[in-house]
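Okay, thanks for making time, everyone. Let me put the model up, and then I'll talk through a part of it that I like.

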Amino acid sequence: MGTVWLLDGGSALRSGGRWVLIALPYTLIALGILLVLRAALPRGLLAGPLTLIAGGALWGAYDLGYLGGTAGSKVLPTLAIAVGASLALMGSNAGQSGGEDHPLRRYRSVLLPVRRKVLTGSTDLVKVGIGSYFGDARIDLSSVSFARDRMGRGQRVLQVDVTVLFGRVELVLDTACIVVKGNVENSPAVHFAEQVRVHMTPPEGSERQIVLNVLGVGGSVAIRSL
């Protein structure tokens, strides 16, 4: 934008801005329809697409002059706030932070799906954070090496912290992994679709354990084994 402004002046910048404002609502509608088709089967993904469709439709109606007065003047600021919040959640890297030798990993899905097969190098994995904000994150933990329990009981334990906002998170585990329920009280309206048994307390003789903590509103958390 600064380069266009410098080379062609403010008129080119205003012309480009008008073109973006005309095209963007229809792009939002198309993206929302695509996500609705994606979310037809998995639970917890409808809120994001419907938000995009509603926002794009309102913007299009405003552009065509159907919305006026006080109500119309609030449409664009509201959409700008929503887009800004989404960009803030995405951060500099919406997919992953932390390399293969880092004991802590974070994965985020904002509107768009994220698919990751987690690998470990020379350092065992201690903690994984997964966030899904109107998105869909599938994280494969079947090949990672867990860190040894700090209590000295000889077990290998991985802490998984899941945050959902009307999104979906799917965890893929190996058959030898045991899932233990951690803090899941602060997750109203979150649907749990476990294909793997979730234990209240660690069973005897389990060598690989995942402690699952869930925080959020709406959406779903699915756990399946290879």
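**A strand in the middle of things**

Let me start with a pair: Glu 170 stands opposite Ala 222 in strand 13. Before I go on, the ground rules: this is a predicted model, where local features need pLDDT of at least 70, side-chain atom pairs count only at pLDDT 80 or more, and totals for chains, interfaces and linings use all residues. Residues are numbered from 1 along each chain as its sequence is written, and side-chain values use heavy atoms, with hydrogens and water left out.

Overall, the protein chain has 4 helices and 13 strands (DSSP runs numbered from the N terminus, H or I of at least four residues for helices, E of at least two for strands). Of its 226 residues, 35% are buried, meaning under 20% relative accessible area with a 1.4 Å probe, counting protein chains only.

So what are the neighbours of strand 8? Strand 13, residues 220-225, runs parallel to strand 8, with 6 bridges joining them. Strand 5, residues 136-140, also pairs with strand 8 in the parallel sense, over 5 bridges, and there Asp 136 has Arg 168 as its bridge partner. Pairing here takes at least two DSSP bridges between the strands.

Now, how many residues of strand 8 are buried? That would be 6 of 6, across residues 168-173. In a regular strand, side chains alternate between the two faces of the sheet. Here both faces are covered: Arg 168, Glu 170 and Val 172 are buried on one side, and Val 169, Leu 171 and Leu 173 on the other.

Leu 171 takes us to the largest nonpolar core, which has 27 residues; Leu 171, Leu 141 and Val 160 are those with the most contacts inside it. Strands 5, 8 and 13 are among those that each supply at least two residues of this core, while strand 7 gives the largest share, 4 residues. A core here is a set of buried Ala, Val, Leu, Ile, Met, Phe, Trp, Tyr and Cys residues joined through side-chain atoms within 4.5 Å.

Leaving out residues up to four places away in sequence, Leu 141 touches Leu 171, Val 172 and Leu 173, among others; contact means heavy atoms within 4.5 Å.

Last stop, Ser 142, in the loop between strand 5 and strand 6. Is it buried or exposed? Ser 142 counts as buried because its relative accessibility is 14%. Its side chain makes a 2.6 Å polar contact with that of Asp 140 (N or O atoms within 3.5 Å, one able to donate a hydrogen and the other to accept it, with sequence-adjacent residues counting only if both atoms are side-chain atoms).

Key: Buried means under 20% relative accessible area, exposed over 50%, partly exposed in between (1.4 Å probe, protein chains only).
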